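Try each task yourself before you read its solution.

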Amino acid sequence: MKAKFRCVLSTVESDSHIWNLVYLQKLLEEHGGVVRNLGPCTPIGEVVDAVASQRPDLLVVSSVNGHGCHGARDLMSALRAHGLDVACVIGGKLTTAMSAGDRARRDLLALGYLDVFTSEDAVQNFRRFLNQGVAAGFSAWQAEAAPVPPWDGGRVPAPEVR
Ligand code: B12
């Protein structure tokens with residue numbers, strides 16, 4: 001298949017899981033990506049170097065050990081500190097509690113991730129993202145906003161005054 005985009009694939013420094021990366025590499029290749037898979041426990045410096053030297057169209061970060069949301073913040077900060085503005089998405093199992101998922105999603109979108117794919121239909125949504133990205137450019141993607149529950153800084157009902 002003709003190459004349609006170049007992609008760097010990584011995880012975060014704390015994450016030693018491998019098969020998620022293998023799976024994503026195959027999925028990306030199926031969509032026409034030429035993939036540089038940086039492997040598990042990816043040092044942040046290696047991701048920064050790969051993005052700086054290869055100027056990929058897309059950086060995909062996958063983490064499943066439940067702590068990825070922290071490493072993902074550090075990774076985006078490092079990319080920004082090096083002046084690297086690359087279309088970047090993340091997915092997998094990023095938190096240990098389902099209830100922390102919305103907040104993590106909100107934080108990561110605010111930091112500059114184009115989307116955060118963690119739901120049950122993550123792969124289906126990611127396929128849509130890839131198809132649209134190949135057609136119109138990855139940066140054009142508009143992620144759905146994460147809901148803000150009232151106890152998490154959202155709209156808090158005014159207390160009843162008697
Ligand atoms: C194999 C395995 C291990 C092996 C990994 C071996 C290796 N070299 O890969 C070992 C034993 C080393 C291991 C260690 C640990 N593991 Co483990 N592990 C698993 C296990 C059983 C299978 C993972 C796997 O290979 N799946 C196959 C791949 C293809 O599927 P996947 O990883 O789920 O990825 C899919 C989706 O998540 C999604 N996805 C993933 N990334 C992305 C990114 C994008 C952009 C998108 C769109 C989608 C996407 O797409 C994939 C296909 O559907 C899972 C449980 C399970 N059944 O899933 C636990 C699991 C991932 N491990 C877990 C944990 C907690 C750990 C440890 C912390 C345990 C410990 N206390 O030491 C350590 C962490 C090690 C580390 N430093 O990261 C938890 C994570 C819990 C959480 N996230 O809340 C899980 C879910 C088990 C559980 N139910 O508690 N683990």
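**Exercise 1.** What radius of gyration does the protein chain have, and what would a compact globule with 162 residues have?

*Solution.* Keep in mind that this is a predicted model. Start with the rule: for 162 residues, a compact globule would come out near 15 Å. Next, take the value for the protein chain, which is 17 Å. The two agree. For the outline, the C-alpha atoms fill a box of roughly 70 × 30 × 30 Å along the principal axes.

**Exercise 2.** Work out how many helices and strands the protein chain has, and in what order they run.

*Solution.* Count first: there are five helices and five strands. Now walk along from the N terminus, and you read β-α-β-α-β-α-β-α-β-α.

**Exercise 3.** Find how α3 and α4 are oriented to each other, and which residues make the contact.

*Solution.* Step one: locate helix α3 at residues 68–81 and helix α4 at residues 101–111. Step two: their axes lie 10 Å apart, at an angle of about 10°. Step three: angles under 35 degrees count as roughly parallel, so α3 and α4 are roughly parallel to each other. Step four: α3 brings C69, A72, R73 and M76 to the contact, while α4 brings A104, L108 and L111. Sorted by class, that gives six nonpolar residues, one charged and no polar ones.

**Exercise 4.** Say what share of the residues is buried, and what share of the contacts links residues 24 or more positions apart.

*Solution.* Of the 162 residues, 33% count as buried. For contacts with a separation of 6 or more, 77% come from residues 24 or more positions apart.

How values were computed. Residues numbered from 1 in each chain as written. Predicted model: local features only at pLDDT ≥ 70, side-chain atom pairs only at ≥ 80, totals over all residues. Helix = DSSP H or I, 4+ residues; strand = E, 2+ residues; numbered from the N terminus. Rg over C-alpha atoms; globule rule 2.2 N^0.38 Å. Buried ≥ 20, exposed ≤ 12 C-beta atoms within 10 Å, placed from the backbone. Contact = placed C-beta atoms within 7 Å. Axes fitted to C-alpha atoms, helices over the stretch in contact; angles between N-to-C directions. Parallel < 35°, antiparallel > 145°, perpendicular 65-115°, else oblique. Nonpolar A, V, L, I, M, F, W, Y, C, P; charged D, E, K, R; others polar.
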